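Reader: Hi! I'm new to this one, could you walk me through it?
Author: Happy to, let's have a look together.

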Number of protein chains: 2
Amino acid sequence: MSCASQSAYRHIREYISRIAEYEPDIRAFAAYDAEDVHEQLSRIGETSEKTPLAGLALGVKDIIDALPYPTGSGSPLHRGTRPARDAAAVAQLRAAGAVVMGKTVTTEFAFFSPGPTRNPHDPARTPGGSSSGSAAAVAAGFIDAGLGSQTAASITRPASYCGVVGFKPSFGSYSLAGAGGLAPSFDTLGVLSKDVTTAAAIHSVLAGPVPAAPVSGAQPPLRIGLCQTPWWDQAQPATRDVMTLAEKAFSAGALVETIDLSAFAEGARLHAGIMAFEAAQTLAAELATQPEGLSPVLRAMLASGMKTDRADHRQNLRQAADLRDRIAGVFDRYDLLLAPAAPGEAPAGLDATGDPIFSRLWSLLHLPTITLPGFTGPAGMPVGIQLLAGLNQDEKLLSHALWAEKLLPVPARPPSLKKPEHLG
Amino acid sequence: MSCASQSAYRHIREYISRIAEYEPDIRAFAAYDAEDVHEQLSRIGETSEKTPLAGLALGVKDIIDALPYPTGSGSPLHRGTRPARDAAAVAQLRAAGAVVMGKTVTTEFAFFSPGPTRNPHDPARTPGGSSSGSAAAVAAGFIDAGLGSQTAASITRPASYCGVVGFKPSFGSYSLAGAGGLAPSFDTLGVLSKDVTTAAAIHSVLAGPVPAAPVSGAQPPLRIGLCQTPWWDQAQPATRDVMTLAEKAFSAGALVETIDLSAFAEGARLHAGIMAFEAAQTLAAELATQPEGLSPVLRAMLASGMKTDRADHRQNLRQAADLRDRIAGVFDRYDLLLAPAAPGEAPAGLDATGDPIFSRLWSLLHLPTITLPGFTGPAGMPVGIQLLAGLNQDEKLLSHALWAEKLLPVPARPPSLKKPEHLG
C-alpha cells in the first residue's frame with residue numbers, strides 16, 4: 001500500500017472510531033457495517049490513487065441503493081429490501097474513489113415522519129429531514145459527505161439545522177437510477193458535506209457521465225438579490241438576524257439589493273399540490289397492499305393528493321412552468337439570490353423535522369441551491385443561509401459559494417463531541 | 001364466482017391457450033407463468049367486479065417490476081433481478097382489476113439491441129422496439145394490452161410495425177416508480193393495445209392517483225395539421241401512401257392543412273444528444289462493473305454520451321426547452337397533428353428494430369401521441385399513422401383518436417394466426 005493509500009486509510013480509521021464512540025447517541029446510520037468499510041479499505045491499493053475522490057468517506061441516504069446494504073427507505077414496508085446493484089450515483093462516486101461508510105437515516109420515504117437521528121448540536125432537537133442521517137453524520141464528523149435528496153426541503157433544512165453545507169444541483173443533474181423517489185417533478189439528489197470544496201468535488205463526478213474538473217476558484221458575485229421570500233412572516237428572529245449578518249458580510253465584496261418575489265407567492269401552494277398528487281402515484285404499490293404500514297402524516301399527504309382533480313393538477317403544472325420562465329429574468333440581473341434556509345433554529349423534539357416552507361418555491365423552480373453554515377441562533381444552534389443561482393448555473397453557484405464561505409464565521413462544532421483528530 | 005367473473009375467466013382462458021399454441025413462434029414473453037395467471041383468476045371473485053379494468057389481460061414490459069417475475073431488462077446483467085414489489089403502474093392496474101399475464105420482451109435496457117420476439121404479421125421481420133413483446137403480444141392476441149415505455153420511439157414504432165394501437169401520454173403522466181429508465185428527460189410509460197378504447201381505459205387508471213372516468217366519446221377535431229416532418233426524405237413509399245390515405249380519410253370530417261415544422265429540424269439531434277448523455281449516467285453501475293456485458297450498439301451510444309461536453313449538454317437542454325415553448329403555439333391553431341409513425345413497413349430481419357427518426361422530435365417535445373393501425377404497405381405489413389396533441393391534452397387526443405379509428409380500415413390480423421374466439 002502506497003503512502004497516499006495509507007493516508008486515506010488513517011483518515012477513515014478515525015471516522016470508524018468516532019462512529020463507534022458517538023453513533024449510539026446520534027443514530028445517523030440506518031445501516032453501518034465496519035467490516036464492509038475495512039473490506040473497501042483493503043482494496044484501496046488496487047485502484048488508482050488519481051481518482052478524484054480517493055478516500056472520501058461517503059454516507060448514502062437510505063432511499064438510495066448501495067451494496068451490501070438493504071434499502072429501507074425509512075419505512076417498515078421496505079425494511080430489508082435488497083438491491084441488486086448500486087444506484088448509478090453511488091457507482092459513480094465509488095469509481096471516483098469514495099468509500100461507502102453506510103446507509104444514513106431518512107424520514108419515511110423522504111417525507112416527514114422522522115427516524116431516530118438526533119441533532120449532534122443538541123440531541124434533544126431534530127436534525128431536520130428528510131436527509132436527517134447524512135446531515136447529522138457530517139456534523140458529527142462520521143463522514144466527509146452524505147448523499148441526500150430533496151423533493152421539498154430535504155437537503156436545505158437539515159443542512160441549516162445541523163450546521164453543514166447542503167448542495168442541491170439543478171433538477172435533473174444527477175442520476176436517480178436506483179434511488180427511490182416521491183414526486184418526479186421535483187426529486188433531486190444532492191450532497192451534505194463539511195465544506196463547499198467537498199460538495200464541488202462530488203458535483204464534478206455526478207453532474208455528467210464522466211468526472212469533470214471540480215470548481216475550485218472562489219469567484220465574487222457582482223450583484224446579490226436579497227430575497228426575504230413571501231413567507232418572511234414565518235421567519236423567526238434567528239433567521240431574520242442571520243439574514244442581516246449575511247447581508248453585511250457579503251456587502252463587503254458585492255452589491256446586495258433587496259428584491260421582491262411576491263409575484264411568486266403561489267409557488268409554495270403549487271409545490272405542495274403537485275407533490276401530493278405525484279406522491280400518491282409513486283406509492284401506489286404500498287397504498288394497494290399495506291396502507292396501514294404508512295404513517296398518519298404520510299397518509300394525510302397522500303389523501304390530499306388523491307382528492308386533487310386531474311385538471312387542477314395540470315393547471316398547477318402549467319403555473320409552475322410559467323414561474324420557471326419568469327424566474328429566469330431575475331438571474332439576468334443577479335448572480336445570486338440570498339434567502340432564508342429555514343424558519344429558525346432546529347425545533348426541540350424528535351417527533352417532527354421542521355417546516356419546509358423556505359424551500360418549496362426553489363424546489364418548484366428547479367434551481368440549484370447551496371446552504372452555508374456559520375451563524376448560530378439564540379439557543380446556540382446552527383442557522384444556515386441559502387444561496388441560489390439560475391437553472392443549470394451550478395458551477396457558477398459553487399464558485400460564488402466558495403467566495404461566500406470565506407466571509408462567514410467558521411461553523412461551531414457540536415459542543416458535546418470531540419473534534420475529529422484529522423481535522424487538526 | 002359470479003357471471004361477470006366467469007366471463008373474465010373464459011376470456012383469459014382463451015388467451016392462455018393461444019399463448020400455449022403460438023408463443024413458441026412469436027416469443028413475445030420474457031417470462032410467462034400460467035400457474036400465476038390461474039392463481040390470479042382464482043382470486044377474481046374476491047374483488048369487486050366494478051373495478052374499471054376487471055379481467056383485462058395485461059402484459060408488462062420487462063423493464064417494469066411485476067411480481068412474481070424477475071425484471072430482466074433485456075440484459076444478461078439484470079437477468080434474474082428480483083423486485084420486492086410491483087411497480088406503481090402495475091399496482092394501479094392490478095387494483096383496477098387487470099390480470100398480469102407475464103413480462104414482455106424488451107430490447108436491452110429499452111435501447112436498440114433486440115430480444116427474440118418476431119413480428120406476428122411476418123416472423124421474418126422485426127416487431128420493432130423497444131416495447132417489442134408488448135406490441136407483438138397484442139398483435140398475436142395474447143393480451144388485451146401491454147405496458148410499454150418510450151424514450152425515443154419505443155411505443156410508436158412497434159405499434160406501427162405490429163399493427164396495434166400505441167399510446168404514449170404526455171411526459172410525466174404515469175409513475176415510473178419501479179420501472180427502469182434510460183434518459184429521465186424523456187422516459188415515459190405508455191400502452192400498446194388492441195384498440196383506442198382499451199388505451200383510454202388504462203389511461204384513466206394511470207394518469208392520476210385514483211381512477212377517473214375513461215374517455216369514451218369520439219370527438220371530431222376541427223383542424224388537423226398534416227406534418228410530414230423535416231425527415232420526410234426518409235419516409236418510404238409505404239409511409240408516404242399511408243399519409244395520403246389518412247389525409248383523405250380525415251378530410252371527410254375535419255379540415256386538414258399541411259404544416260411546415262422545418263423550424264424544429266434540430267429536434268432529432270437534440271434528442272439523440274440528450275439521450276446519450278443521460279443514458280451514460282443512468283447505466284453508471286453497469287458501466288463500472290460489467291461493461292463487457294453491454295451490447296456493442298449500446299456501448300457506442302454510451303460512448304457518445306461520455307464524449308459530450310457538459311456545456312453542450314446544457315445547451316441542448318436549453319434548446320429543447322425553447323422548442324417545447326414554440327410547439328405550444330401550433331396547438332392554438334390545430335387540434336391534432338397527423339405525422340408518420342415510422343419510415344415504412346417493419347424491416348426484414350430480427351437483428352435490428354428499425355429507425356426511431358419519426359419519433360425523436362415528439363419525444364423531445366413531451367407531447368402525447370397515439371399510433372393507429374389499419375393501413376398496410378406493399379408487403380402486406382401494417383403501417384401506422386401517428387396523431388399528436390398539445391402537452392397534457394391527453395384526453396382530447398384520445399377522444400379524437402376514437403373518432404379517427406372509425407375512419408380507418410379495420411386492421412388486418414396476422415395471416416398465420418387464427419382469430420381469437422372471443423373477438424367473435
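**Salt bridges and surroundings**

Author: Let's start with one pair: A:Asp86 and A:Arg94 form a salt bridge, with the closest N and O atoms 2.6 Å apart. Keep in mind that this is a predicted model.

Reader: Thanks! Is A:Asp86 buried or exposed?
Author: A:Asp86 counts as buried because its relative accessibility is 13%, and buried means under 20%.

Reader: Nice. What does B:Asp62 form a salt bridge with?
Author: B:Asp62 pairs with B:Lys103, and the closest N and O atoms are 2.8 Å apart. B:Asp62 lies in the loop between β2 (57-61) and α3 (88-95) of chain B while B:Lys103 is in strand β3 (residues 99-104) of chain B, so the pair ties together parts 41 residues apart in sequence. B:Asp62 and B:Lys103 are both buried.

Reader: Which residues are joined into one network by salt bridges that share partners?
Author: A:Arg223, A:Glu257 and A:Arg333 are joined that way.

Reader: Changing topic: which residues gather in a patch of negative charge on the surface?
Author: Those are A:Asp322, A:Asp325, B:Asp322 and B:Asp325. The elements giving two or more residues to the negative patch are α11 (310-333) of chain A and α11 (310-333) of chain B.

Reader: Where is A:Asp325 found, then?
Author: A:Asp325 is in helix α11 of chain A. With a relative accessible area of 47%, A:Asp325 is partly exposed.

Reader: Last one! How many residues of helix α4 of chain A are buried?
Author: Helix α4 (residues 132-139) of chain A is mostly covered, with 8 of its 8 residues buried. Among them are A:Ser132, A:Gly133 and A:Val138.

Reader: And what follows α4(A)?
Author: A:Gly141 follows α4(A), and the phi of A:Gly141 is positive, near 75 degrees.

Technical notes:
Residues numbered from 1 in each chain as written. Chains lettered and ligands numbered in written order. Predicted model: local features only at pLDDT ≥ 70, side-chain atom pairs only at ≥ 80, totals over all residues. Heavy atoms only, no water. Patch = residues over 30% accessible without salt bridge, like charges linked within 9 Å, V, L, I, M, F, W, Y side chains within 5 Å. Areas by Shrake-Rupley, 256 points an atom, 1.4 Å probe, with all protein chains shown as cover. Salt bridge = Lys/Arg side-chain N within 4 Å of Asp/Glu carboxyl O. Lys, Arg positive; Asp, Glu negative; His and termini not counted. Charge placed at Lys NZ, Arg CZ, Asp CG, Glu CD. Helix = DSSP H or I, 4+ residues; strand = E, 2+ residues; numbered from the N terminus. Buried < 20%, exposed > 50% of the residue type's maximum accessible area, 1.4 Å probe, protein only.
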